[in-house]
Amino acid sequence: MWAADKESSVDKHDGRATAQPRAVATRGIGDPWYDEPDSDWGEWRGPGAPVSTVPAQAAPSEPSAAGIYLEVQRSAAFQEVRRRYRRFVGPAVVIFFVWYVAYVVTATTAPGLMAEPVAGVVNVAMVAGLGQFASTFLLTWLYARHARLRRDRAALELRWDTQERTRGIGVQTRLNGSAHGEGGQR
C-alpha cells in the first residue's frame, strides 16, 4: 500500500521523477571525491609552459540573485538591523563573559569565600552557580525581547523584499527558456 502511494506521489510531479537512485557506495565509482582529476590538474608543467586561465565573464544584463543580495546588504535598512544587533550583542557578551570568568576565578582562587554560608547549608558558591543559570535565562529572554521589538519587523521586511526580487529573476529566467540549460530542461 505504501509503495503504491509513493509511486503515485512521484507521478504527480509533471511526469518527471524528482528523486534519483543513489549509486552503490563503492570507492571510486560515482564518488566525486575519488574521481580522476582533470588531465593536467596538479601536474607540474615545467618552466615556460603556458598557464591556462579562466576567461573573464561579461557582467549579466539581467540582475542576478547574488547582485540582489549584495544590494540588500549595502542598503541602509540592512545596516540598521545589523547596527541594532551589534549594539545589543556586543555589551551582552562582554558582561556575561566577565560575570562567568569572575565566578570561575573566584571559585578557584578564593575557596574560603565561596564556602561562606548564606542560609543554612546554602553557601556563596551555590548562590553564584544558580546565578549563572538565572543570568543565562535572563540574557536569553532579553535577547528575544530585543529582537522582537527592535529587529524582527525590519528583518522580515528585508527578507520579503529580497525573496520577491529573487522570485522575479527565477520567473523571468523560466519565461526566457534558459533555466537549467537549453530549453529549460532539468
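1. Arg-165 forms a salt bridge with Asp-161, and their closest N and O atoms are 3.8 Å apart. A salt bridge here is a side-chain nitrogen of Lys or Arg within 4 Å of a carboxyl oxygen of Asp or Glu. Both residues lie in helix H5, four residues apart, about one turn of the helix. Helices (H or I, at least four residues) and strands (E, at least two) are DSSP runs, numbered from the N terminus. Arg-165 counts as partly exposed at 28% relative accessibility, and Asp-161 is partly exposed at 37%. For these labels, buried means under 20% relative accessible area, exposed over 50%, and partly exposed in between (1.4 Å probe, protein chains only).

2. A word on the model before going on. This is a predicted model, in which local features need pLDDT of at least 70 and side-chain atom pairs count only at pLDDT 80 or more, while totals for chains, interfaces and linings use all residues. Residues are numbered from 1 along each chain as its sequence is written, and side-chain values use heavy atoms, with hydrogens and water left out.

3. Back to the charges: Asp-161 and Arg-165 are also linked with Glu-71 in a network of salt bridges. The count comes to five salt bridges. Arg-167 is partly exposed at 42% relative accessibility, and Glu-164 is partly exposed at 43%.

4. Glu-80 is partly exposed at 28% and Arg-84 at 31%.

5. Now for the inside. The largest nonpolar core has five residues in all: Ile-68, Val-72, Val-81, Leu-158 and Ile-169. Helix H2 (65-74) and H5 are the elements that give two or more residues to this core. A nonpolar core is a set of buried Ala, Val, Leu, Ile, Met, Phe, Trp, Tyr and Cys residues joined through side-chain atoms within 4.5 Å. Leaving aside neighbours within four places in sequence, Ile-169 is in contact (heavy atoms within 4.5 Å) with Pro-63, Ser-64, Ala-65 and Ile-68.

6. Thr-162 is also worth a look. It sits in helix H5 (residues 124-176) and counts as buried at 6% relative accessibility. Not counting residues up to four places away in sequence, Thr-162 touches Ile-68, Tyr-69 and Val-72.

7. Helix H3 (residues 76-109) includes Val-101, which is partly exposed with a relative accessible area of 33%. The buried residues of H3 are Val-81, Phe-88 and Ala-92. H3 has 34 residues and reaches 49 Å from its first C-alpha to its last, close to the 50 Å expected, where the expected span is 1.5 Å times one less than the number of residues.

8. Finally, the overall picture. The protein has five helices and two strands, running α-α-α-α-β-β-α from the N terminus on. Of its 186 residues, 11% count as buried. Residues 24 or more positions apart account for 59% of the contacts with a separation of 6 or more.
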